[in-house]
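Please load the model in a viewer and keep the selection panel at hand. The stops below proceed from one selection to the next.

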Amino acid sequence: MWNKEWINHRGSVEVICGKGEVHRGFMFKVKVIGDHPIAFVQCDDGQERQIHPRHVRPLQVGEFR
């Protein structure tokens, strides 16, 4: 569950995409346009995804493989 504290998170995350697939990667930036935050994640499949932070889950140390 996304919360506003995550807007400052930089590090390992899981991204849950629209079709239900889960990707792991590194969240390196968040941009806020009006009331809409956008997380920028460099995923392990080589794609950069821009997604609302509610679809991003920060990973704890040791959780990222």
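Select Arg 24 to begin: its relative accessibility is 17%, so Arg 24 counts as buried, where buried means under 20% relative accessible area, exposed over 50%, and partly exposed in between (1.4 Å probe, protein chains only). This is a predicted model, in which local features need pLDDT of at least 70 and side-chain atom pairs count only at pLDDT 80 or more, while totals for chains, interfaces and linings use all residues. Residues are numbered from 1 along each chain as its sequence is written, and side-chain values use heavy atoms, with hydrogens and water left out.

A salt bridge (a side-chain nitrogen of Lys or Arg within 4 Å of a carboxyl oxygen of Asp or Glu) joins Arg 24 to Glu 14, with the closest N and O atoms 3.0 Å apart. Because Arg 24 lies in strand 2 and Glu 14 in strand 1, the pair ties together parts 10 residues apart in sequence. Strands (E, at least two residues) and helices (H or I, at least four) are DSSP runs numbered from the N terminus. Glu 14 is also buried, at a relative accessible area of 14%.

Now select Arg 57, which forms a salt bridge with Glu 14 at 3.1 Å between the closest N and O atoms. Arg 57 belongs to strand 5 (residues 56–58) and Glu 14 to strand 1, so this pair ties together parts 43 residues apart in sequence. Arg 57 is partly exposed, at 31% relative accessibility. Display Glu 14, Arg 24 and Arg 57 together to see a network of salt bridges.

Move to His 23, a residue of strand 2 that is buried at 15% relative accessible area. Which side chain makes a polar contact with the side chain of His 23? It is that of Arg 49, at 3.3 Å; a polar contact is a pair of N or O atoms within 3.5 Å, where within protein one must be able to donate a hydrogen and the other to accept it, and residues adjacent in sequence count only if both atoms are side-chain atoms. Arg 49 is buried, at 13%, and its side chain meets that of Asp 45 in a salt bridge (3.0 Å, N to O). Asp 45 is partly exposed, with 39% relative accessibility.

Finally, select Val 13, Val 15, Cys 17, Met 27, Val 30, Ala 39, Val 41, Cys 43, Ile 51 and Val 56, the 10 residues of the largest nonpolar core. Such a core is a set of buried Ala, Val, Leu, Ile, Met, Phe, Trp, Tyr and Cys residues joined through side-chain atoms within 4.5 Å. Strand 3 gives the most to this core, with 3 residues.
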